[in-house]
Amino acid sequence: MENCKLEPKADAQLHIVIGEILGGVDAAQGKQGDKARAAGVVKVAEALNTYGSHFDHAGWKSVQLPH
């Protein structure tokens, strides 16, 4: 945290997104059961899209999800 250069609100949002990504990765790896694997991939994609909606990252593109 001491090397963080983000504003406190942005830092908090980034930590939320990272937590969502890690939760999705765990599920995709089967750590929450085989049935949750596909949902884990979707969770990672949704978290990445959340990142893109909160941060101005040059060249960032959202992950297209099926409806």
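**Figure 1. The residue that follows helix α1.** Just after α1, G30 adopts a positive phi of about 85 degrees. The model shown here and in the other views is predicted.

**Figure 2. Overview of the protein chain.** Two helices and zero strands are found in the protein chain. The C-alpha trace spans about 40 × 25 × 15 Å along its principal axes. Of the 67 residues in the protein chain, 21% are buried. The accessible surface comes to about 5,200 Å², and 56% of this surface belongs to carbon and sulfur atoms. Among contacts with a separation of 6 or more, 27% are between residues 24 or more positions apart.

**Figure 3. Helix α1 and its buried residues.** Helix α1 covers residues 8–28, a run of 21 residues. From its first C-alpha to its last, α1 reaches 30 Å, close to the 30 Å expected at 1.5 Å a residue. The residues D11, Q13, V17, G23, G24 and A27 of α1 are buried. These buried residues of α1 pack against α2.

Figure 4. K43 and E20 form a salt bridge in which the closest N and O atoms are 3.8 Å apart. Because K43 belongs to helix α2 and E20 to helix α1, the pair ties together parts that are 23 residues apart in sequence. K43 is partly exposed, with a relative accessible area of 32%. E20 is also partly exposed, its relative accessible area being 37%.

**Figure 5. Two further salt bridges.** The count of salt bridges in the model comes to three. In one of them, D26 is joined to K31, with the closest N and O atoms 3.6 Å apart. D26 is partly exposed at a relative accessible area of 30%, whereas K31 is exposed at 59%. Another salt bridge links D34 and R37, with 4.0 Å between the closest N and O atoms. Here D34 counts as exposed, at 63% relative accessibility, while R37 is partly exposed, with a relative accessible area of 36%.

Figure 6. Y51 is buried, with a relative accessible area of 16%, and F55 counts as buried at 15% relative accessibility. W60, by contrast, is partly exposed, with a relative accessible area of 31%.

**Figure 7. The surroundings of N49.** N49 is part of helix α2. At 19% relative accessibility, N49 counts as buried because the limit for a buried residue is under 20%. When residues up to four places away in sequence are left out, N49 touches S62, V63 and L65.

Figure 8. V42, V63 and L65 make a nonpolar surface patch of about 180 Å². V63 lies in the segment after α2, the helix of residues 37–54. With 32% relative accessibility, V63 counts as partly exposed. V63 and L65 are also among the residues that N49 touches.

Terms used
Residues numbered from 1 in each chain as written. Predicted model: local features only at pLDDT ≥ 70, side-chain atom pairs only at ≥ 80, totals over all residues. Heavy atoms only, no water. Patch = residues over 30% accessible without salt bridge, like charges linked within 9 Å, V, L, I, M, F, W, Y side chains within 5 Å. Areas by Shrake-Rupley, 256 points an atom, 1.4 Å probe, with all protein chains shown as cover. Salt bridge = Lys/Arg side-chain N within 4 Å of Asp/Glu carboxyl O. Helix = DSSP H or I, 4+ residues; strand = E, 2+ residues; numbered from the N terminus. Buried < 20%, exposed > 50% of the residue type's maximum accessible area, 1.4 Å probe, protein only. Expected span 1.5 Å × (residues − 1). Contact = heavy atoms within 4.5 Å.
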